[in-house]
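Subject: Structure for you to look at

Hello,

Here is the structure I promised. Please open it first, then read my notes below.

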Amino acid sequence: MKRIALVLTAVLSVGLLTGCKQKKQTEDIIVHKVEAPKPQAPIKMQEYNQVKDVKWLNRDYQVNIARVADDSLSMVKDETGQKFVDNRITVRIIRADGSICFNRSFTKAAFDDYLDNDYRRTGILEGIVFDRVEGNQVVFAGSVSHPQTDEYIPFIITVDNMGTGDITRDSDLDTSGNEENDL
């Protein structure tokens with residue numbers, strides 16, 4: 001019986017010693033390869049048409065803004081190689097009698113003086129919207145953006161009562177979501 005106890009103790013001791021032995025650590029890190037998504041067909045933004053009746057210099061006008069994806073413009077690519085179709089946006093200010101006060105189609109090229117090389121190469125004209133009437137000017141907000149991101153450069157487009165348009169870069173980003181604080 002002593003012999004069995006002695007053999008059993010020896011087996012348990014060997015088992016404990018080998019069970020507590022620390023495994024050899026390697027410096028190798030195994031990372032599974034993640035395949036980048038393959039680019040799809042060129043992506044186009046949805047068309048929109050904004051129509052707004054405004055009172056300007058005590059007269060009635062209609063502001064019409066239409067955005068279309070324009071295949072004739074150069075496409076841009078993001079970092080994954082995905083292509084995007086750039087937009088053409090037409091702004092028209094129409095008098096109550098139906099005559100045209102202002103009619104201009106904008107592309108990203110209209111904002112070229114205010115863009116850096118990155119936005120020239122990878123940005124698209126995202127949108128132009130009516131903002132307000134201020135004195136003898138109708139004011140619009142516009143932006144050139146990196147597609148499908150929150151990165152953009154804001155612009156102010158003004159049209160005076162003589163039908164002359166002007167573009168400036170907007171240095172005041174509307175980030176508060178509160179109109180009172182943005183004035």
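One definition before the rest: two strands count as paired if DSSP finds at least two bridges between them. You will need that for the hairpin below. Also keep in mind that this is a predicted model.

Confidence

The mean pLDDT of the protein chain is 87. Of its residues, 80% reach 70 or more. Residues 179-183 are another matter: their pLDDT is below 50. Beyond near neighbours in sequence, that stretch has 5 contacts in the model.

Overall make-up

The protein chain has 183 residues, and 28% of them are buried. Its secondary structure comes to 3 helices and 10 strands. Read from the N terminus, the order is α-β-β-β-β-β-β-α-β-β-β-β-α. Take the contacts with a separation of 6 or more: 43% of them link residues 24 or more positions apart. The accessible surface is about 13200 Å². Carbon and sulfur atoms supply 50% of that surface.

The hairpin

Strand 1 covers residues 48-56, and strand 2 covers residues 59-69. The two run antiparallel and are joined by 9 bridges. Together they form a hairpin, with 2 residues between them. Look at Leu 57 in the turn: its phi is positive, at about 50°. Within the pair, Lys 52 stands opposite Val 63 of strand 2.

The sheet

Strand 2 also pairs with strand 5, residues 87-95. Again the two strands run antiparallel, with 9 bridges between them. Here Asn 64 has Arg 92 in strand 5 as its bridge partner.

How many strands does the open sheet hold, and in which order? It holds 4, in the order 1-2-5-6, with antiparallel pairing. Strand 1 and strand 6 (100-106) stand at the edges. Each has a single partner strand, so one side of each is left without a neighbour in the sheet. On average, neighbouring strands of this sheet are turned by 10° against each other, direction ignored.

Where to start

Best wishes

Definitions and conventions. Residues numbered from 1 in each chain as written. Predicted model: local features only at pLDDT ≥ 70, side-chain atom pairs only at ≥ 80, totals over all residues. Heavy atoms only, no water. Buried < 20%, exposed > 50% of the residue type's maximum accessible area, 1.4 Å probe, protein only. Contact = heavy atoms within 4.5 Å. Areas by Shrake-Rupley, 256 points an atom, 1.4 Å probe, with all protein chains shown as cover. Axes fitted to C-alpha atoms, helices over the stretch in contact; angles between N-to-C directions. pLDDT = per-residue confidence, 0-100.
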